[in-house]
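Reader: Please take me through one chain of this model closely, with the cut-offs behind each term. I would also like to know where the coordinates should be read with care.

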Amino acid sequence: MNRNMLKPLAIVLVLLLVGLTAACSTVTPTAAPTATPVPSEPVTIQFWHNYDAGAGQIDVLKTLIAEFETANPDIKVNQVYLEWSALKNNVIAGATTGMLPDVLRGDIGFVPQFQSLNVLYEMSSLSDYATVAATVMEAPNSSARMGDKFYGIAANTNTKILFYNKAMFTAAGLTVPKTQDEMWTDALKLTGSGKIGFVEAWTGVWNVGQYIWSNGGDVLAPDNSTATGYINSPVAVATIQKLADLYKAGALSGPSMDPGAAGDTDGWKAGTYAMEIDGPWRPSLLASSGIDLGAVQMPAGSAGSIGVLGGEDFMMFKTSDAKHQEAAWKFIKFMVDEKAQVDMAKVGQMPVNKAAMTNADALAAMPLLPVFAEALKTAKARPVTPKWGDMENIIATKVAEAITGQKAVQKALDEAATEIDALIAAK
Amino acid sequence: MPGNRSLSTQRRGVRQDVVRLLTLLLPGLILLGMFTFYPILKMFIMSFFNWRIGYQQTSDFVGLQNYLAVFSDPVAGMALVNTLFYAVVTVPLQMALGLFVAVLIHRITRFSVTFRLLYYLPVITSWVVVALLFRYIFNNQGLLNYFLKDVAHLADGPVRWLSTRWMALSATTILGIWKGIGWNMVVFLAALQAVPLEQYEAASIDGLGAFGKFRYITLPNIKGTILFALVMLSIGAFNTFTPIMVITGGNPAHQTEVVLTWMYYQTFSATGKMGYAASLSFIVAALVAGIAILLFRFIRPEGEGKS
Amino acid sequence: MKRARLSKALSYVLLALGAVVMVLPMVYMFTTSLRSNDATFSWPPRIFPTGSDLTFANYRYVLSEQNFVGYLSNTLFVAVVTTLATAVVASMLAYCIARLEFHGRRLLYGTIITTMLVPGLAMLVPQFELAVTFKLVDDLWGVIFFYSAWMTPFSTFLIKGFIDTIPRELDEAVRIDGGSIYTIFFRVIVPLASPSIAAVSIFNFLLPFEELGWSQTILKTDALRTMPVAITMFFQAHNRTDWGFVFAMTCCAMVPVILLYVLLQRYFITGLTSGAIKG
């Protein structure tokens, strides 16, 4: 105790001061939050999105924003990347307080969910919405429709096709499967010595819906009134049973069934996975990996090849004032225009703009565009109902229980039907 | 004991010092009141409502319905059991190992600073980072499987460490123990340095061996620290979030959920069940408080009665 | 004597073995950060990269293309202000609770202890509402205020425990000399309790390098992100791959923290010797 006890405090203080000056010098310019805009200053709109940095989309976005800002010197766009679930969580947290962006580009599934939070701006009330909407494809844009009103506009669309590792197929002496049954048999044959035949990243309807639909089943009644007799129908049970058998044989994997499994991109890069039903982003994510990737339509089940309709919509929010809404709409129009859509196509975003779909540059950058365009013709949207998010979570949980063998498939899907029906019955 | 006169001077002094007292108290009171007490109170109120989030929406009072929902939710039960498992495994083991390391470091004369740093490294590394690291190591194609299969030939295929509930939870507890040893080492080292040397010397004369000294001198002397560590670590164990979130995300099918990850899931589930989440967190707080009180009952440090 | 030397040698051996276990994962992290992203999942996994594998590209990318310096200075700024604010507020509170008599003293202490039991993450929604009310969203001060409030209870608890061990006679002496409670606080309590203040300051300093849930909710703009948010966002934006980048980033982020610990570790232990120290 005879040591001078002020010494540690002095050291802390000196360190803190050094840190403080170091931090301040770089922080001060950025730390000041944007104050409420003075009329003469440019309008700054907040733009939340989940474009993929790994595929180079955020770099393209930054270039596009710079172009937009040059053309519209009175508007600044502050882009904020938020991962899929963080994007959703931030809107949920912001819904209580009105702390929301001016523009959001997010999953088409977010539209009914956010609309139930009463935060979305009805975009069909804009005078030139119909004109702009006419330049984009109708099917993807229908994802923004609730009743006869539109609460968004399509940003990009997608559905999923079969990707396969060519080298692994050649080594096993297999040809590309034509039917889903062949696909499952091939998955078994391709499995072994560290290789896994098939990967599914999740167990929601986004992932398993396509197999149920392709075999003539469905997950909900067409009018969304019940799940009983649909998610637990014999077709659905038989389909999930196939996946469960594959999982048991080690021929199907994915991080939501086995958290120790490599994520799909990691696994592709390592040459572990042989097949995946995936979207247009897949090739650009593997651009530098040296994997020779083949791609064909999703093999057909007994009722055809019915993929799931995916994609993102642009949304606007009630919380923005008129000035910000005007700027936001300008930015959205710029983003759905041919130029921006083609630039995004080059980094793996499938365009919704009709002109961009046939644009030579887009086709050159995305040789698979025709394959996807073909798949889109039969692609099916997931049910558009306000509680869909909760319903898909129930299905994802129960399907995971069934696939990983914690419950018999019939029992798990019966439980899913009961839980979903209870959700529909609740006000 | 100070005499009567000084006691009364002190009292009078305190009364005169009311303004000074307030200036010392107020910053803390304002900070805590605004940013801690108020949100807790608000949470408590929310737990009795079907808290409807959404812009300008109203919420209904539902009484104890949220609490009943927690008690009848099988996943909440599973999450609670998982959390208890994590606490029961990690707390005693990291304390025992940390104490063991502290005793060893206390005995040596050289390199003690180096060892302290090495053992403390996991503590000062953030949970996100170490959880990512362990996920990478426990991966089906990770380092651990490589050693088991290709180096030691203990397994013939990759062990799917994270694919089932108890295996995944065990992997997480290994991470928890590994990360916690350093903290315990520091805390116990501090306690060991405060044990009076004379007691050991007396014991040597009495012919007590190393183990005897540990049992009859060290342990009673560090009882207060053991209790402190036990309570702090138990609180910490019930607050486990990041390692589960990063390593399994509660998968597969919520099997590896702990209370906080489940609460987070409910808060941000599609419809945002804030009321449910709030009641769950109060149940957890009550549970932790109960455990803390029990611990104080069973291990009451003798020297602590003086305050 | 010979036995004593033998047991000492055994201590070194055991400690060294344990240290290997403790450090091995960190070494693995470091060496992975020196390999190219596409090689990080190659089989067999290697602890030490071979010569052809070795690359500093990840570090170059992280330090140049990513806003690393920005993230680090944000984190440092938050850490410094939080640590200072908490140290001041908590030591004042601790002094009042330990030494002064006022109405509701026990209630205040009890409340402070109880708040340590409520999981911090649970308060996310009401805290976010508060942050919006005070216009603290997307502002480093929003993080600082809440962090300070979170860390104050535990800091107060530890410092109070330490102050309890300082002999009251020292206060008396100052009193008799005519000093006020200010004088006692600055002349007696702060100097004598400084090891415990330093110890909690290290804990508090680490928080911004660690905490994710709150900072991720409140810091939206890339330029304002702290280290853990940046790392997580970076990992997610790269489709949860590119481990080489992530580990390079985390290795860099650890440097200031290690430096701080090395400089202060001596006081760390003294400061924690609460309750048992003999003055």
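Author: **Chain C in the predicted model**

Of the 279 residues of chain C, 55% are buried, a residue being buried if 20 or more other C-beta atoms lie within 10 Å of its own, exposed if 12 or fewer, and partly exposed in between, with C-beta atoms placed from the backbone. This is a predicted model, in which local features need pLDDT of at least 70 and side-chain atom pairs count only at pLDDT 80 or more, while totals for chains, interfaces and linings use all residues. Residues are numbered from 1 along each chain as its sequence is written, and chains are lettered from A and ligands numbered from 1 in the order in which they are written.

The secondary structure of chain C consists of 11 helices and zero strands; helices (H or I, at least four residues) and strands (E, at least two) are DSSP runs, numbered from the N terminus. The C-alpha trace of chain C spans about 75 × 70 × 30 Å along its principal axes. Of the contacts in chain C with a separation of 6 or more, 76% join residues 24 or more positions apart; a contact requires two C-beta atoms, placed from the backbone, within 7 Å.

As for confidence, the model has ipTM 0.85 and pTM 0.86. The mean pLDDT of chain C is 84, with 91% of its residues at 70 or more; pLDDT is the predictor's confidence in each residue, from 0 to 100. Among the elements of chain C, helix 3 has the highest mean pLDDT (93) and helix 11 (residues 243-272) the lowest (80). Over residues 274-279 of chain C the pLDDT is below 50, although this stretch has 17 contacts in the model beyond near neighbours in sequence. Where pLDDT is low, the predicted coordinates should not be read in detail.

Helix 3 also matters for the next topic. The largest nonpolar core has 303 residues, and Ile231(A), Ile240(A), Leu413(A) and Val259(B) touch the most other members. Such a core is a set of buried Ala, Val, Leu, Ile, Met, Phe, Trp, Tyr and Cys residues joined through C-beta atoms within 7 Å. Helix 3 (residues 68-99) of chain C gives the most to this core, 20 residues.

Finally, the interface with chain B: 75 residues of chain B are in contact with 75 residues of chain C. On the chain B side, helix 2 (residues 18-46) of chain B supplies the largest share, 15 residues.
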